[in-house]
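Here is a friendly walk through one protein model, from its strands to its salt bridges and loops. Please keep the structure open as you read.

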Amino acid sequence: NNTNNNNTGGYRPLNVRDALTYLDQVKVQFSAHPDVYNQFLDIMKDFKSQAIDTPGVIERVSILFNGHPELISGFNTFLPPGYRIECSSDPNEPDIIKVTTPSGITHKRTSRPAGNTPNTVVPPPPPPSMQQQRREQE
């Protein structure tokens, strides 16, 4: 019985080529808005450092990429086993996503309430330390 085989109980290692392809897609999609790409990188840094958990990263990415279902679906590349994001195919509900987690399935709205125009990118709130810095800059 080889304990060092490639079947690691459902864990799929991150495919670097897929990850880089996805990063390129994000960069191209938001070439006119480099701040969105940078916000995405910040979210990924927070996720990697475990400052935010998997449901938190799903929520922040799906809000950041609202209106871009191919990017939301593509983010599955980075999710651990048991987690999956699926975008609505209903044209009347384009901002509904289905999030599958080990504890079940939830449906979330990717847009923020309060009259955002369609396809407006609404970034997640920055960490408290960044909010403090912004206040000091104003």
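## Strands and their pairing

Strand 1 (residues 84-87) and strand 2 (residues 96-101) run antiparallel and are joined by 4 bridges. Within this pairing, C87 stands opposite I97 of strand 2. Please bear in mind that this is a predicted model.

Strand 2 also pairs with strand 3 (residues 104-109), again in the antiparallel sense, over 6 bridges. One of the pairs to look for is T100 with its bridge partner I105 in strand 3. The link from strand 2 to strand 3 is a hairpin of 2 residues.

## Salt bridges

The model has 3 salt bridges.

Which residue forms a salt bridge with K45? The partner is D42, and the closest N and O atoms of the two are 3.8 Å apart. K45 and D42 are both in helix 2 and 3 residues apart, so about one helical turn separates them. K45 counts as exposed, with 54% relative accessibility, whereas D42 is partly exposed at 33%.

## Two loop residues

Now for the loops. Q50 is found between helix 2 (34-48) and helix 3 (54-64). Although Q50 is not a glycine, its phi is positive, at about 65°. For context, most residues other than glycine have a negative phi. Is Q50 buried or exposed? At 70% relative accessibility, Q50 counts as exposed, because the cut-off for that class is over 50%.

H68 sits in the loop between helix 3 and helix 4 (69-74). With a relative accessible area of 14%, H68 is buried. Leaving aside residues up to four places away in sequence, H68 touches Q29 and F30. With Q29 there is also a polar contact, side chain to side chain, at 3.3 Å from H68.

Note on methods: Residues numbered from 1 in each chain as written. Predicted model: local features only at pLDDT ≥ 70, side-chain atom pairs only at ≥ 80, totals over all residues. Heavy atoms only, no water. Buried < 20%, exposed > 50% of the residue type's maximum accessible area, 1.4 Å probe, protein only. Polar contact = N/O pair within 3.5 Å; in protein donor to acceptor, adjacent residues only side chain to side chain. Contact = heavy atoms within 4.5 Å. Pairing = 2+ DSSP bridges. Salt bridge = Lys/Arg side-chain N within 4 Å of Asp/Glu carboxyl O.
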